[in-house]
Amino acid sequence: WALAVDRDDNPFIQCSTDPCPGYYISTTALFDSRCVKHDPHRYVDSTKISYIVLPGNGDFRKVTGVKLGDFAVVYNTNNEKLAFAIYADIGPKNQIGEGSIALSQALGNDPLVGSRVRRGISKNLVYVVFPGSGNGQPRTTSEIETETKRLFEIWGGVERIKSL
């Protein structure tokens, strides 16, 4: 799981023209269907795009109305940093809290230790997700920021988070 594989379940390895030659291709549930399965650009890049991971069970999605590609805001109450994100991956049932490397960095944390992901932000994060706000497609950082900022201001912004 989480790696792009061929028909025999062998992971694809990036070639010299790919972003990380010699490494496997990590997948996300949200992907660009215009790219082939073994193209790293098909999947949302954790090092460049702030994204959240939400539970994969149907009950969660039915109750909340969220869909892959929806916009979200994540607020770190420890340092009051705010990040605009997209819902790009599916995680374990009833578990919230995963996010991309770029999201962790935007919230004031460097999860990389020796170029490997080793630590995240353990607590004090507030997620605000806007159900039905996306189009089911990956987005650029500027698209995510522009649209999420607009939705967040309409919702009530940081003042509303602080009132929760």
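A: Let's begin with the second largest pocket, whose lining is made up of four nonpolar, three polar and five charged residues. Here Ala, Val, Leu, Ile, Met, Phe, Trp, Tyr, Cys and Pro count as nonpolar, Asp, Glu, Lys and Arg as charged, and the others, Gly among them, as polar. This is a predicted model, in which local features need pLDDT of at least 70 and side-chain atom pairs pLDDT 80 or more, while totals for chains, interfaces and linings use all residues. Residues are numbered from 1 along each chain as its sequence is written, and side-chain values use heavy atoms, without hydrogens or water.

The pocket's volume is about 220 Å³ (the space filled by probe spheres set on grid points, joined across faces, edges and corners). Its lining consists of D32, R34, H41, R42, Y43, V44, D45, I49, Q137, P138, R139 and T140. A pocket is an open set of points on a 1 Å grid over the protein atoms alone where a 1.4 Å probe fits, with protein on both sides within 12 Å along at least five of seven lines; lining residues have an atom within 4 Å of a point.

I144, T148, L151 and F152 of α3 are buried (under 20% relative accessible area; exposed is over 50%, partly exposed in between, with a 1.4 Å probe and protein chains only). These buried residues fall within an arc of 100° seen down the axis, so they line one face of α3 (the arc is taken from the directions from the axis to the C-beta atoms). On the other side, T146, E153 and I154 are exposed.

The buried residues of α3 pack against β2 (71-76), β3 (81-91), β6 (125-130) and α4 (157-163). Just after α3, G156 has a positive phi of about 130°.

N76 lies in β2 and is buried at 4% relative accessible area. Beyond residues up to four places away in sequence, N76 touches K81, L107, I121, N124 and L125 (contact means heavy atoms within 4.5 Å). G91, in β3, is buried too, at 16%. Leaving aside neighbours within four places, G91 contacts V53, L54, P55 and G56.

How values were computed. Helix = DSSP H or I, 4+ residues; strand = E, 2+ residues; numbered from the N terminus.
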